[in-house]
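Open the model in your viewer and keep the selection panel at hand. The stops below say what to select next and what is there.

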Amino acid sequence: MEAWEVGSTLGPAPGEARAAAQAAKRARVRRRVGLVAATLAPWAVLIALWELGAARGWISTSLFPPPSAFIRYAIESDFRVGFGREAMPIPVAILASAFRVVAGLALGFVAAVATGILVSMSRLGSAAVLPIVRGLAPIAPIAWIPLAIVLFGIGEKTAIFVVFTGVYFLLTLSTVAAVQSVDPRLVKTARTYGASPKQVWLWVIFPAVLPQVFTMLRINFFAAWMAVLAAEMVGLKNGLGMIIILGREVFNSNLILLGICIIGITGYLVDTGLVWVQRKLLWWSAPTQ
Amino acid sequence: MSSLVCHLVGKRWQAPQGLAVEALRDVSLSVSSGEFVAILGPSGCGKSTLLELIAGLEPASRGEILIDGERVTGPNPKAVMVFQEHSLFPWLSVTDNVAFGLKMKGVAPDERRARVREVLRRVRLEPFAHHYPHQLSGGMKQRVAIARALVGNPEFILMDEPFAALDFQTRVLMQQFLLEVWRDFSSTILFVTHQIDEAILLSDRVVVMSAGPGRVLEEIAIDLPRPRSYTSSGFNDYRVRLTAHMEREVMRAQPEALAA
């Protein structure tokens, strides 16, 4: 507990210590296995009920084909969707959508932290910029789609722009709020050790706001993910959103449910990736879930 | 010989509603090198404000503060402040926290590392050099905060109730630790506390302050041999005397506190 007790010769004998460590490790593994089981079990039950319901005819297989049906469909169509030359492999669609959302989030995060901090540095700046940001923040990202298509055409830039607008304004406001809630003791400590105002911004306020803004980013990721899918459905006609829209156009429920599952799983994986980034880069405040 | 002199220092805070609050009035105080001075007073007596003025974090409204004859106009490497818990930068390791001041001053990385290692060795924090604050107990955190102050060789270390958030056991250990540091580094320490026992245990001299506005009531030299303990003979005489003072102050401040 105290520094001078480290390396103390008192304590359990080496053999006992090893046995205790092994017991602790076994307990950890057991807890781990229990957690994984608790995570997977509800899915297994849900899928089993779905399959059972479909097999017994409780639910309409033409509207809600079970996983066994739409997965078979995916395998039979060689993991491609669409017709002829426009057919696109599903992995390509996943990567296209994931790239758009990650690129938009990254740009939005960097720009929002920069704007939030620069604006917080002067009262005039806040007075000039914040009302505009607060006016633009409530606009749903989907509302930008028509304008974005006119500005950037049908393509990558439009999708990234939609994600960007979906997070940028909110994250700017959240950066400003985070700046205001930085512990004044940290700022005073930096000043007492001779940090200039610029150094305080760079070495104290900037790192101090990152965890809070990143948490907001994670929360807003879901909205951004939905926005990208919506953009793909209405305008872009590619990526994961296209799978759904194609399913609707040809009235293929297999395609729709396949699309829904892939969208959910991909979103979950990207969110897990964000948690991983947070743990690696913002370790002092990382969430455990 | 370095010296710290406060001459008729006053501080008014401008409250948002336009009311001014007088935090300090006519505070005069002098500290010479090697001394351990405790500032004792009820909460709200402006003792923390006094330290912030001395550290140059806030300007005084009246009077002047001189360090080695030079007027304090801003943060000054000669007098650094150690706050209560939670003043370590959570994103920096123990080493980087301690190196913070040197980095701000532009000390070269090699020299920085060497000086940090030396201080960590002297305060027995070496095994924790690569730990992060969230991995440390409250007492360890404060030890790092003290190491961070020591590494710049300040003439005065200003401590604002550094052990107030710790439990009794840890506080006793930290008080011993601070006394060792004071002796080993020949530092000069100005220590704000509201605990009478802590003031008697640690200091050469106790400056008793009153509340609303903060003024210096009395200075009492603690003439007890070191090492001291709460049960040393003579300790109780000081305790009685200071408790009487504090009681009077609390009773005097009470009507105002209730009215506020």
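## Stop 1: the core

Select Val163(A). Apart from neighbours within four places in sequence, Val163(A) is in contact with Arg100(A), Val101(A), Gly104(A), Leu105(A), Gly108(A), Ala224(A), Ala227(A) and Val228(A); contact is taken as C-beta atoms, placed from the backbone, within 7 Å. This is a predicted model, in which local features need pLDDT of at least 70, side-chain atom pairs count only at pLDDT 80 or more, and totals for chains, interfaces and linings use all residues. Residues are numbered from 1 along each chain as its sequence is written, while chains are lettered from A and ligands numbered from 1 in the order in which they are written.

Val163(A), Ile54(B) and Leu158(B) are the residues with the most contacts inside the largest nonpolar core, which has 139 residues. Such a core is a set of buried Ala, Val, Leu, Ile, Met, Phe, Trp, Tyr and Cys residues joined through C-beta atoms within 7 Å; buried stands for 20 or more other C-beta atoms within 10 Å of a residue's own, with C-beta atoms placed from the backbone. Now select helix H8 (residues 197-236) of chain A, which gives this core its largest share, 18 residues. Helices are DSSP runs of H or I with at least four residues, strands are E runs of at least two, and both are numbered from the N terminus.

## Stop 2: between the chains

Where chain A touches chain B, the contact takes 19 residues from chain A and 24 residues from chain B. On the chain A side, helix H7 (184-192) and H8 are the elements that give two or more residues, and H7(A) has the largest share, six residues.

Select H7(A). Its buried residues are Leu186(A), Lys188(A), Thr189(A), Ala190(A), Arg191(A) and Thr192(A). The cover over these buried residues includes H8 of chain A and strand E6 (79-82) of chain B. Just after H7(A), look at Gly194(A), with a positive phi of about 85°.

## Stop 3: two sheets of chain B

Move to chain B and show its strands. Four of them form an open antiparallel sheet in the order E2-E1-E4-E5; strands count as paired if DSSP finds at least two bridges between them. Strand E2 (20-32) and strand E5 (70-71) each have a single partner strand, so one side of each is left without a neighbour in the sheet.

E1(B) and E2(B) are joined by nine bridges, and Cys6(B) stands opposite Leu29(B). Five residues lie between these two strands in a hairpin, where Gly18(B) in the turn has a positive phi of about 95°.

Strand E9 (residues 205-210) pairs with E10(B) in the antiparallel sense over six bridges, and Ser210(B) has Arg215(B) as bridge partner.

## Stop 4: the domains of chain B

Colour chain B by domain: domain 1 is 3-78 + 156-165 + 177-259 and domain 2 is 88-153, with bounds from an automatic or database domain assignment. Their centres, taken over C-alpha atoms, are separated by 26 Å. The contact between them takes 10 residues from domain 1 and nine residues from domain 2.

Key
Buried ≥ 20, exposed ≤ 12 C-beta atoms within 10 Å, placed from the backbone. Contact = placed C-beta atoms within 7 Å.
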